[in-house]
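Hi,

Here's the structure I promised to pass on. Have a look at it first, and then read on for what turned up.

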Amino acid sequence: MEANHDIHNRSRNRKQKQERHPRWNQNTQQKWPNNHATKCNTQNNAGHEQQLTKSLRELCISRQLIEDSTGIQKRRRVMRDLDTMLCAWSESLLPGSSSYIENIISPNSDETAAPSLLSFGSYRLGVHTPDGDVDCLVLAPPHVTRDDFFGSWVDILRGEERVAELHPVSSAFTPVIKFEMDKVKIELIFARVNNTKWLTEQRTKMALSAVALADEDGKQEERIEMSVDDSVLIGLDETSVRSVNGVRVAQVLSDILDGNLAQVDHFRLTLRAVKEWARVNGLYSNVLGFLGGVNWAILVCWVCKRNPDASASKLLHLFFRTFANWKWPGPVFLSSKRKHQPKGVKPLPIWDPNENYRDSTHLMPIITPCYPPMNSSSNVGEPQLRRLRDELWRARKLSDEILSGTKAWGVLFEGNEFFKQHANYLQVNIIGTNEDEFRSWFGLCESRMRLLIVGMESPNVGVRAYPFAKFFHRREEGYASYFFIGLRFPPGAERVNLVSLPIDRPIWDAHCKILCY
């Protein structure tokens, strides 16, 4: 295995832009910036906005951001089959119960031993792409443990011929099993619920709702999901709380839209466009220190909540205008109400910069809207925030021109000039000799790359890092992947020894060892 890094020098006479970034002032923590988006008047230029929204939707379709009915039905079928498999597995763990195979052949109608399979993330919000994965949570009854999940359940998946690319990661911050089933990508996480009665009642309600909403042909138009309230948190450990909160955040975002079909449609179209813009510009990756799906969803929901009657085209413009001017590290809250500890739930760590010094150092706080409120973007570092600011400001100017009619939406997604903006680049090569080795090695390097990026930053001597959140793959080169970081050095510098920079030595030393393993 190999992962090495090279500096690419491209001579260009470019004036390096000097920027100042706001830092958290502990003396004025309670005086967070008061950020406001100007509310829009949707009656003005209604016809023009409708045309812009129509063209935005057509662009999303042409870029294959919206899955067709065949793909949607396939995902639902896979979810139903997974639910059946989970029920048979769960029952097989009971003392004196039949085996998994027997339970699959002759399902038991006893719901008390059955787990529930809930979706969250992009799929739950209805903004997944045709090649996107489905984030799922297994809410299991008390007799099923996390060890069972990463033990016997993984063995069942490994023996299922429809399953491929199986990759359990039990040591992750939020333990997950990644795999494909019928070529549908699944990311499965786990939580054990202590209240069996509640779990059984919710499964019954889901089944009754599904029957009520089925059409004459028996085809269900929407997947029915159970409502997960605060009581589910009772007795859960922190890992399970993190797992459950993925579902709860998606649920709160949906509730904020209040079932308004037009507003939900505009939210979804706006979020699709924002996520595609972020991907094209190398800004979409929580693990690399940028923003992931939940972060972008919270930001879009923030704008939608304050402009409930706005069209998708207006919302997209307001999104860029709002967050291009946001005074970070002022936090983004979807609700001004403080999330109190629910009755019966043990105290859990919450995001509080007044009490927790580490929270006060966060650069771009985007706070989850349910208990316990946490910063969903704590991975963001100075280099990533710099690029986010630059690209948001550029998108704001482009969206101004689009709304004025001088440009079309396509300019937002034409690509990024990242590889023309800098004179020097650090290239990180991640190479393996076979598929399994490469997958494990790539996962390790990807998880450490964020710290390497921060380690490259050295403001004291004028060295700045500009990462691009995308790994490049070349099919003809086999098991290899490439990552690039733009570097800017002080004016007049002809040679810089990166190893001798006064950066965080433990971070740099650790990564030199990892990347040269």
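A quick definition before the details: helices (H or I, at least four residues) and strands (E, at least two) are DSSP runs, numbered from the N terminus. Keep in mind that this is a predicted model, where local features need pLDDT of at least 70, side-chain atom pairs count only at pLDDT 80 or more, and totals for chains, interfaces and linings use all residues. Residues are numbered from 1 along each chain as its sequence is written, and side-chain values use heavy atoms, with hydrogens and water left out.

First, the overall picture. The protein has 16 helices and 10 strands. It runs to 517 residues, and 48% of them count as buried (under 20% relative accessible area, with exposed being over 50% and partly exposed in between; 1.4 Å probe, protein chains only). Taking contacts (heavy atoms within 4.5 Å) with a separation of 6 or more, 72% are between residues 24 or more positions apart.

Now the backbone. Between β5 (176-181) and β6 (184-192) there's a loop that holds D182, and K183 lies in that loop too. Neither is a glycine, yet phi is positive: about 55 degrees for D182 and about 70 degrees for K183. K183 counts as exposed because its relative accessibility is 74%.

There are cis peptide bonds to look at as well. One joins W328 and P329, with omega about 10 degrees; P329 sits in the loop between α11 (312-324) and α12 (357-360). Another runs from Y371 to P372, with omega near -5 degrees, and P372 is in the loop between α12 and α13 (382-404).

Cheers
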